[in-house]
Amino acid sequence: MITVEHLTKRYGPVLAVNDVSFTAQPGLVTGFLGPNGAGKSTAMRMMTGLTPPTSGTARILGKPYGALANPGRRVGVLLDAAAQHAGRTGRETLALSALLTGVGRHRVDEVLDVVGLTPDEAGRRVRTYSLGMRQRLGIAGALLGEPDVLILDEPANGLDPAGIRWMRDLLRDFAADGGTVLLSSHLLTEIEQVADRLVVIGRGRIVAEGTKDDLLRAAGTFVRSTDDDALDAACRAAGIEVARQPGGGFTTAADAEQVARAALAAGVLVTELRDTGSRGLEELFLELTADDAREQVSA
Amino acid sequence: MTTQQAEAPTRSRTDRADLTPVPFTRLAAYEWRKQLDTRAVRWLFVIIAVLTAGVLAVMALVGDGNVSYEQFLYNTSTPLTMLLPVVAILATTAEWSQRTGLTTFTLEPRRLRVVWAKLVTAVGSGLGFFVVAMAIAVVAHLAVIAYRDADASWGLGAMTAGMLLMLVVWMAQGVAFGLALMNTPAAIVVYLAVPTILSPLTMLVTAWEKVWPWVDLNTASMPLIMGDSMGGQEWAQLVVTTGIWVGLPLLIGILRLQRGEIKTA
């Protein structure tokens with residue numbers, strides 16, 4: 001469980017994180033979504049005690065991070081896969097953390113196995129690793145202490161599609177086991193298939209938050225019919241605003257039921273009626289963050 | 001690299017309430033292993049050992065060869081002062097230059113404890129390596145006894161005690177410089193440049209003859225490592241210069257570390 005309340009970080013005139021509040025529940029994967037520079041990393045650094053907040057609090061398992069006894073056993077943290085000593089082997093990197101957190105050495109082999117680094121690869125120095133391998137090593141480090149909470153900043157970065165799928169399964173399993181997962185990404189496609197809840201952040205502020213289904217629903221409806229003109233008129237008559245799409249059909253902010261009723265009233269045959277889905281969410285994401293960017297400029 | 005399904009448990013369901021804070025001994029073991037497990041530091045130890053052996057070989061071969069054990073040991077001090085603290089610098093600045101601080105300070109958020117662990121382990125390595133220097137000096141002294149008819153003179157006295165004390169100061173200085181600058185090249189350059197600049201100054205600016213022992217750590221520590229008698233004033237000078245060159249940078253480093261963010265990029 002991660003509880004963030006009014007978290008704020010100011011660098012001079014810039015509000016990197018502006019009054020961010022949300023909760024990441026156990027058993028769920030919470031996606032922290034936002035464009036580059038939105039404040040995701042700064043917020044995660046404040047959650048893990050590396051950056052002191054200007055104001056607000058972040059608690060993990062009910063306590064500030066710094067107050068956790070042996071935090072490596074409670075919280076698995078991966079903030080930057082590149083932040084590993086280039087001159088150490090992967091195995092040594094993990095063995096060091098195992099020594100400090102007091103987990104048995106057997107755990108090093110276990111997590112290496114979980115992230116799919118072979119003994120041969122684990123014996124090589126990190127400087128020879130690809131970004132994907134560093135990412136796997138970083139995830140291994142986060143899992144090492146058998147934590148209850150995972151905080152991962154852009155963990156899919158550098159992973160190939162198979163690696164992204166593997167990580168998705170891993171995080172789903174972790175959450176299904178009762179763990180709390182918070183992972184960030186600047187790419188919706190990376191996050192939408194794994195996250196149960198989304199917290200969308202732009203320019204330091206939360207611009208949307210909710211379950212993925214809610215956000216998808218809010219993203220709108222796509223409809224196609226045998227007579228778009230008639231349906232268009234019917235929708236407008238019902239007070240539903242529509243946007244005609246170049247390939248036929250149109251999108252609207254109204255939900256499927258409202259559109260169906262309008263179609264039924266007008267006697268138009270509907271051939272396709274669905275949530276706009278991830279494409280709509282992507283648009284929503286861009287729109288929300290763009291709106292925020294404009295506000296920032298005019299402010 | 002294989003892509004496989006995760007089968008091993010990713011987390012345990014055991015009650016975690018019994019987790020206790022990381023004891024200092026374990027933190028120190030962690031810091032010590034980090035200090036010694038990189039190739040750079042291993043090579044550094046090899047280089048110091050070779051240099052030390054080289055210096056002693058020259059001493060044994062040049063002159064009449066009648067050199068006591070303690071004289072040999074005293075002359076190991078030059079390579080030790082110059083290079084051993086670099087081990088302490090590397091162990092400290094790696095947190096920023098190699099960006100391991102992100103891991104270190106999330107696993108142990110009590111940052112000041114990390115500083116103490118670094119100090120303890122740096123001093124530990126300094127003293128440990130002094131034992132190596134003693135062994136090299138044994139070989140050198142045995143050699144001059146055997147081949148250059150030197151008198152056996154194994155006694156160790158104030159000079160050795162003085163060097164041991166200074167070794168503690170130098171290693172702490174390495175940590176302090178590393179912490180104050182948080183950057184490997186800068187810390188090494190400053191550490192090596194300070195005595196290089198100050199030493200000729202102490203000789204050139206003779207008007208400051210009375211001032212230098214209160215400002216320059218090298219000057220102030222001379223009587224101690226030469227095994228001369230240390231009076232109240234000499235000790236006071238040593239304390240003051242240690243305060244300037246070890247205490248002050250350590251304080252600056254601790255303040256930077258405690259107040260700020262762990263920035264590694």
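The following conversation goes through a predicted model of a complex, from confidence scores to chain contacts and local packing.

Colleague: Which ipTM and pTM does the predictor give the complex?

Modeller: This is a predicted model, and the predictor assigns the complex an ipTM of 0.87 together with a pTM of 0.86.

Colleague: What is the mean pLDDT of chain A?

Modeller: The mean pLDDT of chain A is 89, with 93% of its residues at 70 or more. Residues 294-299 of chain A have a pLDDT below 50, and this stretch has one contact in the model beyond near neighbours in sequence.

Colleague: And what does chain B average?

Modeller: Chain B averages a pLDDT of 88, and 93% of the residues score at least 70. In chain B, the pLDDT is below 50 over residues 1-10; that stretch has 26 contacts in the model beyond near neighbours in sequence.

Colleague: Let us turn to the layout. Into which domains is chain A divided?

Modeller: Domain 1 of chain A covers 2-215, and domain 2 covers 220-275. The centres of domain 1 and domain 2 of chain A, taken over C-alpha atoms, are separated by 42 Å.

Colleague: How many residues does each chain bring to the contact?

Modeller: Chain A provides 52 residues and chain B provides 39 residues. On the side of chain A that touches chain B, the elements giving two or more residues are α2 (90-101), α3 (106-115), α5 (131-143) and α6 (161-176) of chain A.

Colleague: Which of them gives the most?

Modeller: That is α6(A), which gives seven residues to the side of chain A that touches chain B.

Colleague: How do the residues on that side divide into nonpolar, polar and charged?

Modeller: The side of chain A that touches chain B has 21 nonpolar, 17 polar and 14 charged residues.

Colleague: A change of topic: in what order do the strands of the open sheet in chain A run?

Modeller: The open sheet has four strands in the order β12-β13-β11-β14 (chain A), and their pairing is antiparallel. Because β12 (242-244) and β14 (270-275) of chain A stand at the edges with a single partner strand each, one side of each is left without a neighbour in the sheet. From one strand to the next, the twist averages 20 degrees.

Colleague: How many bridges pair β11 with β13 in chain A?

Modeller: Strand β11 (residues 221-225) of chain A pairs with strand β13 (residues 250-252) of chain A over three bridges, in the antiparallel sense. Thr221(A) has Thr252(A) in β13(A) as its bridge partner.

Colleague: And which helix packs on the sheet?

Modeller: Helix α10 (residues 256-266) of chain A does, touching β11, β13 and β14 of chain A. The direction of α10 makes about 160 degrees with that of β14(A).

Colleague: Now chain B. How many helices and strands are there?

Modeller: Chain B has eleven helices and zero strands. The C-alpha atoms of chain B fill a box of roughly 75 × 45 × 35 Å along the principal axes.

Colleague: Where do α4 and α6 of chain B stand relative to each other?

Modeller: The axes of helix α4 (residues 77-97) and helix α6 (residues 111-147) of chain B come within 10 Å and cross at roughly 145 degrees. The crossing of α4(B) past α6(B) is right-handed.

Colleague: Which residues make that contact?

Modeller: From α4(B), they include Leu80(B), Leu84(B) and Val87(B); from α6(B), they include Lys118(B), Ala122(B) and Phe129(B). The residues of the contact of α4(B) with α6(B) divide into eight nonpolar, three polar and one charged.

Key:
Residues numbered from 1 in each chain as written. Chains lettered and ligands numbered in written order. Predicted model: local features only at pLDDT ≥ 70, side-chain atom pairs only at ≥ 80, totals over all residues. Domains from an automatic or database assignment. Contact = placed C-beta atoms within 7 Å. Nonpolar A, V, L, I, M, F, W, Y, C, P; charged D, E, K, R; others polar. Pairing = 2+ DSSP bridges. Axes fitted to C-alpha atoms, helices over the stretch in contact; angles between N-to-C directions. Left-handed = near helix turned anticlockwise from the far one by under 90°. pLDDT = per-residue confidence, 0-100.
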